[in-house]
Each structure stands twice: as C-alpha cells, then as structure tokens.
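Reader: Hey, I have a protein model open and I'm a bit lost. Can you walk me through it?

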Amino acid sequence: QISSGGIENISVGGSAISATVSSGGSQVVYNLGIASGATLSGGYQNISSGGSAAFTVIDQGGTQTVLRGGRANSDSINSGGIQNISSGGSATLTLVNSGGIENVSSGGNVINATIFSGGIQNIYSGGSALNNTLSAGTANILGGFANLTTISANGVENISSGGRSLEAIVDEGGMQNISLGGTATSATIVGAQNIYSGGIGLSSLVISSGAQNVFTGGYVSGATLSANGLQTISSGGTALATTVSAGGSQTINGGAVVSVVALYSAGSQNLQSGASVTLTTVYSGANQVVSNAGIAISSILSGGIQTVSSGGTATNALVLTGGSQNIFFGASALSANIQSGGVQNVSSGGLASGITISGGRQNILSTGVASGTTLLVGGSQVISVGGSAVNAVISSGGAQFISSVWQKRRPWPTP
C-alpha cells in the first residue's frame, strides 16, 4: 500500500507485484524496473525509460503516465481513471472501460487497445494508434493517426483537426465521423461514415447496406458502392470518381457537386430535386434515374439505361451499343448522340431536342415530341401514332418512319 505522500521507486532488477497506490501516492518505474498488477486508487504510476508495467488497474482518480522509453501492457482503465501516453511511450492491449480515458500525445503509440461503451480514447497531434477496437466506445482522432481500427456496433470514431484514419472497418451499427481537417482513407463501411464540412473521405468501400453521407462542405473521392451500399450527397457536398456496382446506390441532392461516376450492373444513381451530375458512365445492367428538376450532363450509356422522368433533364448524353435513354412525361433530353446499337425512347409527354442519330434509333411514342433531330447514315427515327417530329434533318443514309403500322404490325426496324 502506497499512501498519500509515499513514493515507490522501482529500477534495475527491481519488481513490484499487486501494489495499491492510494490518493497522493506514487509508483515510479524506470531503468529495467517492473511493476505488475498495481491498482491505482487515486494515486499515480509513472513509467519512464526502460521501465514496464503490466496488468495495472486504473480506478477513480488514478493516473498512469507512460514516458519516453516506458511500456505499459494489458492495463485496465476504469471510470475516472486516466492513462497518458507521452512522446516515446507505448501501451499495448489496454482496456478502456466506461468512464475511463486514454490520452495519446505526440510521439506516443498504442496498439490493440479496446474501448468499451462509455470509454474514450484521444489521439492528439503526432500520436498514433494501431489495431484498436471500438467496442461501443469512442475514439477522437485530434490530429493524430489511427490505422486498422475496427469500429463495432455503437462504436464511434471522430476524426478532425488534421487527424487521419487509414483502413478502418466500420461494422454494422458503428460510425465514423469526419469533420474539419480530418481525413479517412480506404475505410470499409458496413455501418455509417459521415463527412462534414472540411472533412475528407478517400477510397472508401461501402457495402452490405452501409451508408456514406456527405454533408455541406464535405468531400469524397474514389468511393466504391456495392452490395446495397449507399452514398448520399447533400447540398454543398462533393463526390468525385465514384464506382457504383452490384446493388450499390448513389443519391444526389440539389446543390451537390458530383462528377465522374461509373455505374455497373445492378448499380443505380438517383438525382433528387435540383441535383446535377456530370460524366456518369452507365454500363450494362445499371440505371441512372433523373427526375424532380435533376440534370444529368454528358452521361455515357454503354449498355446501361438512363431514365429521365418528370422534371428531369439530360444533356449531351452519348448512347452507345446496348444503351437506352428513356424520356418520360415532363422530361427532356437535349443534344444527345445516339450511336449504332443505341436507342432513345421519347414517351408520352417527353421532349427530345437537338438529337443526333448516328446509326442508332429514336422512337417517338404517342404525344412524345422530337425537335431538330439529325439523322445520319444508319440512323432511324420511328414516329408512332400521336408522336411528333419537328424540323428533322435527314442526311444520306438516314431514315424516318411515320406510321402507326410500325408499332402495330412489325417490330422496330433494326438500325
């Protein structure tokens, strides 16, 4: 028992087992000294160069400080207890229980810590954490670096102020929050990743109903969405170079900045009111949905489908072999290029203007309108009963078919 005012010094060849350090007492471990199983009941344990401590229990009011060259192993931090890892100090296999706090300062390092519900780990500028598990606990990366963190159900990792997280795994029910000055790279998201103003998310993998939410001022690049993974970009958020496949979905809200998206089989992209997206490539089996005053600019339909419904607009689309652009009531398509094997369908109440048919086909259904279509060699325009074509230009090798007979008695002509 080390009481108030008492100091136990443990150095070369010395060891102490199961000491209890009460309020005002101190245990100092250095120069090859060893302390095992100490309980800090309001007292202090300082571990410096060459010293080591294992299985320390840090209770209410207790503080363990690991200085340069000191090592702590398999400690438990309980409510009101604090572990400080200073420059050059290290801690391994720490358990941070409810109400406990682990602080990692510049140059400090922690490995394989587990933070339970109500426990807190703070990684400050220059500090680092490796292979930590947030088991319903919280880690704050405040300018420090966290690598290979597992964020389990109800666990939270907050990254800000120059903090960096690499290759985190966000399990179902876990959450990673990235705010001003924070960066998360190569996270695997089954739970949720939230990118706030000034936060950056790079190369995330969003799977198994995981969600990546990009808020005003947030920035993401290189995300991959699959297996029901969802990316939602709010007004003022930015998403670049997103890949959407195998059941993944991207939702773009008005005022978001989104460009260079690849939609693969079973992937979908949904533009909400006032949203716009540039340079989406839609491959076979994928669907880009544009509605509610949304605008899709320079989409490439390479075997995939673009669905433009009420209030939506598609401009400068390129429709390649197997691609289909469908324009529904109240929607419009402007300046598209329909190439060989591509199809544009202008349904009832839809409008297509300034379209170039370069070997593909434009189908104008009842009350659909096409204005200023240019039909080049191999291109065809088929106008069903009730459909309208205005100011079409038919070049050599182009064809325009005006008859309800095509719809009733024969299949669409092959371009």
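Predicted model: local features only at pLDDT ≥ 70, side-chain atom pairs only at ≥ 80, totals over all residues.

Reader: Got it. How many helices and strands are there in the protein?

Author: One helix and 61 strands.

Reader: What share of the contacts comes from residues 24 or more positions apart?

Author: They account for 5% of the contacts with a separation of 6 or more.

Reader: And how much of the protein is buried?

Author: Buried residues make up 48% of the 415 residues.

Reader: Let's do the inside, then. Which residues touch the most other members in the largest nonpolar core?

Author: That core has 70 residues, and the ones touching the most other members are Val110, Ile233, Ile252, Val258, Leu271 and Val277. Strands E22 (138-142), E38 (238-244), E40 (257-263) and E42 (276-283) each supply at least two residues of this core. The largest share, three residues, comes from E40.

Reader: Can we zoom in on Leu271? What is it in contact with, leaving aside neighbours within four places in sequence?

Author: Leu271 contacts Ile252, Ser276, Val277, Val289, Val290, Ser291, Gly294, Ile295 and Ala296. Two of those, Ile252 and Val277, are also on the list of residues touching the most other core members.

Reader: Nice. You mentioned E38 and E40. In what sense do they pair?

Author: They pair in the parallel sense, over six bridges. Ala239, for instance, has Val258 in E40 as its bridge partner.

Reader: Which other strands does E38 go with?

Author: Strand E35 (residues 219-221) runs parallel to E38, joined by three bridges, with Ser221 standing opposite Leu240. Strand E36 (residues 224-225) also pairs with E38 in the parallel sense, over two bridges. There, the bridge partner of Leu225 is Val244.

Reader: Which strands does E55 pair with?

Author: Strand E52 (residues 343-346) pairs with E55 in the parallel sense over four bridges, and Asn345 has Asn363 as its bridge partner. E55 is also joined to strand E58 (residues 380-383) by four bridges, again running parallel. In E58, Gln381 is the bridge partner of Gln362, and Ser380 is the bridge partner of Arg361.

Reader: And what about E58 itself?

Author: Both faces of E58 are covered: Ser380 and Val382 are buried on one side, Gln381 and Ile383 on the other. Four bridges join E58 to strand E61 (residues 399-402), which run parallel. Gln381 stands opposite Gln400 in E61.

Reader: Last topic, single residues. Is Thr307 buried or exposed?

Author: Thr307 counts as buried because its relative accessible area is 17%, and the cut-off is under 20%. Thr307 is in strand E46 (residues 305-308), and its side chain has a polar contact of 3.2 Å with that of Asn287. Not counting residues up to four places away, Thr307 touches Asn287, Gln288, Val289, Val290, Asn326 and Phe328.

Reader: And Ser324, buried or exposed?

Author: Ser324 is buried, with a relative accessible area of 15%. You'll find Ser324 in strand E49 (residues 324-327). Setting aside neighbours within four places in sequence, Ser324 contacts Leu301, Gly304, Ile305, Gln306, Val319, Val343 and Asn345.

How values were computed:
Residues numbered from 1 in each chain as written. Heavy atoms only, no water. Core = buried A, V, L, I, M, F, W, Y, C linked by side-chain atoms within 4.5 Å. Buried < 20%, exposed > 50% of the residue type's maximum accessible area, 1.4 Å probe, protein only. Contact = heavy atoms within 4.5 Å. Polar contact = N/O pair within 3.5 Å; in protein donor to acceptor, adjacent residues only side chain to side chain. Pairing = 2+ DSSP bridges.
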